[in-house]
Amino acid sequence: MTLLQVEDLHVTYRGGEGDVPAVRGVDLTVAEGEVVGLAGESGCGKSTLASTVLRLQPAGARVTGKVLLDDEDVLTMRWGRLRAVRWAAASVVFQGALHSLNPLQRVGDQIAEPMLLHEPGTTRGTAARRAADLLERVGLPASRVRAYPHQLSGGQRQRVMIAMALACSPRLVVADEPTTALDVMVQAQVLDLLTGLVADLGLGLLLISHDLSVLGSTCDRVAVMYAGRIVETGPGRDLFTDARHPYAKALAAAFPTIGDPGGRLSPAGLPGDPPDPAALPTGCSFHPRCTVAVAACERRDPLLRPAGPGRSAACLLVGEDGSPLTGTDGDVPEELR
């Protein structure tokens, strides 16, 4: 069953010198019991998409399209309905737990607060007991309910954030860079915890990260974003090991394979920087950094199209069977020139 369905989503911010498009026509779905990854460099629109799922974008943002949560459009909900949906139907795990938790409140009180707000009739005692149970579910002793955020390690604070996200038993969780600033071992523990909760509770998880290697090993499906658009989608492991779009290939190559010196990224890495959203290049947004771009890439802005079984890519130089074209204008399909 589909929990989240994003259709033709556009998010535009007002800038000092004009509008800044952060998300440009994104389509995305997350089903019950499914882990969907969203990858891309900083500034590609991942966090904007995450915040828009529950209408948390800053004031002044212009949003069009649809964000269907259990077939109900979040973007058209009245404030009272939206308030009821947050935490109870869907919740967010933000990056940077130290900045998301209130330093003046014990973590148990912060976990219990959504229950008291969204579940009429819940007593403080019941909420406190459930908060302790949630801490144990995420791998922390129940006694930590009395701890303040500064008394916990980075990994423990992130587990508290996950416990808060589960406080009202939502069906969808959006995790925005949940392992940022954590060491590798703690990252693995947090990711195992999240995927284990999906398996145990049957919820849907949208996992956002810049690390395609993490998403490839964790997610059922992965979408790669660049300049506000999704440029490739496919099964997690397949996309990491056999990306179709040149940008997705570059992301995958940024993570060397242990024991394979030949698989390391070249010293030059991916050339250039992501484009300024307020001044996107003509044609394909990636073509100024692409090592295989042809003249047609400067003229045509490709949309997602089939690129093999279960795969799609927004690239003129990828055939519908997923095979790469040779990289000359003559090989670009006539209808895409």
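I began with Thr179, which is buried with a relative accessible area of 11%; I take buried as under 20% relative accessible area, exposed as over 50% and partly exposed as in between, with a 1.4 Å probe and protein chains only. The model I am reading is predicted, so local features need pLDDT of at least 70 and side-chain atom pairs count only at pLDDT 80 or more, while totals for chains, interfaces and linings use all residues. Residues are numbered from 1 along each chain as its sequence is written, and side-chain values use heavy atoms, with hydrogens and water left out.

I placed Thr179 in the loop between β7 (172–176) and α7 (184–201), where helices (H or I, at least four residues) and strands (E, at least two) are DSSP runs numbered from the N terminus. Not counting residues up to four places away in sequence, Thr179 touches Gln187, Val190 and Leu191, contact meaning heavy atoms within 4.5 Å.

**The eight-stranded sheet**

I next looked up the open sheet of eight strands, whose order is β6-β7-β8-β3-β9-β10-β12-β11 with mixed pairing; two strands pair if DSSP finds at least two bridges between them. Its edge strands are β6 and β11 (305–306), each of which pairs on one side only. Strand β10 is joined to β12 (residues 312–313) by two bridges, and the two run antiparallel, with Thr233 standing opposite Ser312 in β12. Helix α10 packs on this sheet, touching β9 and β10, and its direction makes about 110 degrees with that of β9; axes are lines fitted to C-alpha atoms, for helices over the stretch in contact, and angles run from 0 to 180 degrees between N-to-C directions.

I then asked how enclosed α10 (residues 246–253) is, and found that six of its eight residues are buried, so the helix is largely enclosed by the rest of the structure. The buried residues are Pro246, Tyr247, Ala248, Ala250, Leu251 and Ala252, and what covers them includes α8 (212–218), β9 (221–226), β10 (229–235) and α9 (236–241).

**The four-stranded sheet**

I turned to the open sheet of four strands, ordered β2-β1-β4-β5 with antiparallel pairing. Here β2 (18–31) and β5 (72–73) are the edge strands, each pairing on one side only. Seven bridges link β1 (residues 2–15) and β4 (residues 62–69) in the antiparallel sense, and the bridge partner of Glu7 in β4 is Lys66.

In the loop between β4 and β5 I noted Asp70, which is not a glycine and yet has a positive phi of about 55 degrees. Asp71 lies in the loop between β4 and β5 as well, and its phi is also positive, near 70 degrees. I set this beside the general rule that most residues other than glycine have a negative phi. Asp70 is partly exposed at a relative accessible area of 31%, whereas Asp71 is exposed at 66%.

**Arg86**

My last entry concerns Arg86, in the loop between α2 (79–85) and β6 (90–93). Arg86 is buried yet has no salt bridge, and the nearest side chain of opposite charge, Asp73, is 12 Å away; Lys and Arg count as positive and Asp and Glu as negative, with His and the chain ends not counted, and a salt bridge is a side-chain nitrogen of Lys or Arg within 4 Å of a carboxyl oxygen of Asp or Glu. A polar atom of the Arg86 side chain does lie 2.8 Å from the backbone oxygen of Arg55. Leaving aside neighbours within four places in sequence, I listed Leu54, Arg55, Leu56, Trp79 and His118 as the residues in contact with Arg86.

Key: Polar contact = N/O pair within 3.5 Å; in protein donor to acceptor, adjacent residues only side chain to side chain.
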